[in-house]
Amino acid sequence: MEVLFTSACCFKKKDYKLIGQTSMWMFPIYGMAAVIRPVSHTLKKHNRKTIERGLVYTTGIYVTEFVTGSLLKKKDRCPWDYSRSRYNVKGVIRWDYAPIWFAVGLIYEKMLSK
């Protein structure tokens, strides 16, 4: 998904090479999304609505992104830098990405529930 997203950003900048990129650091970070499956099971068992589940996933993604980004940044290894964004926190999270993380959490829920 990240490669598709970064390619789309190139398109927005009229760079039609559409070069998408990621970092090897992202594989274990995205792997942490596996925790969504047991969380989803618990939330569904308690009849939580889609919006509530999406908000839980969004919060989890933000916490993960902040912690991992902060740790990697200390070692100058963070593959992302949001400091130019108006809505950034310490350059490692962007509040304006909340709708994206909401959708990603629900997509992960769907993928991991199979």
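Trainee: Hi! Which helices each supply at least two residues to the lining of the largest pocket?
Mentor: α1 (2–12), α2 (26–31), α3 (36–45), α4 and α5 each do. Helices here are DSSP runs (H or I, at least four residues; strands are E, at least two), numbered from the N terminus. This is a predicted model, where local features need pLDDT of at least 70 and side-chain atom pairs pLDDT 80 or more, while totals for chains, interfaces and linings use all residues. Residues are numbered from 1 along each chain as its sequence is written, and side-chain values use heavy atoms, leaving out hydrogens and water.

Trainee: How much space lies in that largest pocket?
Mentor: About 1,300 Å³. A pocket is an open set of points on a 1 Å grid over the protein atoms alone, where a 1.4 Å probe fits, with protein on both sides within 12 Å along at least five of seven lines; lining residues have an atom within 4 Å of a point.

Trainee: Switching topic: what pattern does the protein follow along the sequence?
Mentor: Reading along, you get α-α-α-α-β-β-α, so to speak five helices and two strands. The C-alpha trace spans about 45 × 35 × 25 Å along its principal axes.

Trainee: At what angle do α4 and α5 pack?
Mentor: About 110°, with the axes of α4 (residues 50–74) and α5 (residues 98–112) 8 Å apart. That makes α4 roughly perpendicular to α5 (65 to 115 degrees counts as such). The residues making the contact (heavy atoms within 4.5 Å) include Arg 53, Tyr 57 and Ile 61 of α4 and Trp 101, Phe 102 and Glu 109 of α5. They divide into 10 nonpolar, four polar and three charged.

Trainee: What do the side chains of Glu 109 and Arg 53 meet in?
Mentor: They meet in a salt bridge, 2.7 Å from N to O. The term takes a side-chain nitrogen of Lys or Arg within 4 Å of a carboxyl oxygen of Asp or Glu. Glu 109 in α5 and Arg 53 in α4 are 56 residues apart, so this pair links distant parts of the chain. The whole structure has two salt bridges.

Trainee: How far apart are the axes of α3 and α5?
Mentor: They are 9 Å apart, and these helices pack at about 95°. α3 is thus roughly perpendicular to α5. Ile 36, Arg 37, Ser 40 and Lys 44 in α3 meet Gly 105, Tyr 108, Glu 109 and Leu 112 in α5.

Definitions and conventions:
Axes fitted to C-alpha atoms, helices over the stretch in contact; angles between N-to-C directions. Parallel < 35°, antiparallel > 145°, perpendicular 65-115°, else oblique. Nonpolar A, V, L, I, M, F, W, Y, C, P; charged D, E, K, R; others polar. Points joined across faces, edges and corners; volume = space filled by probe spheres on them.
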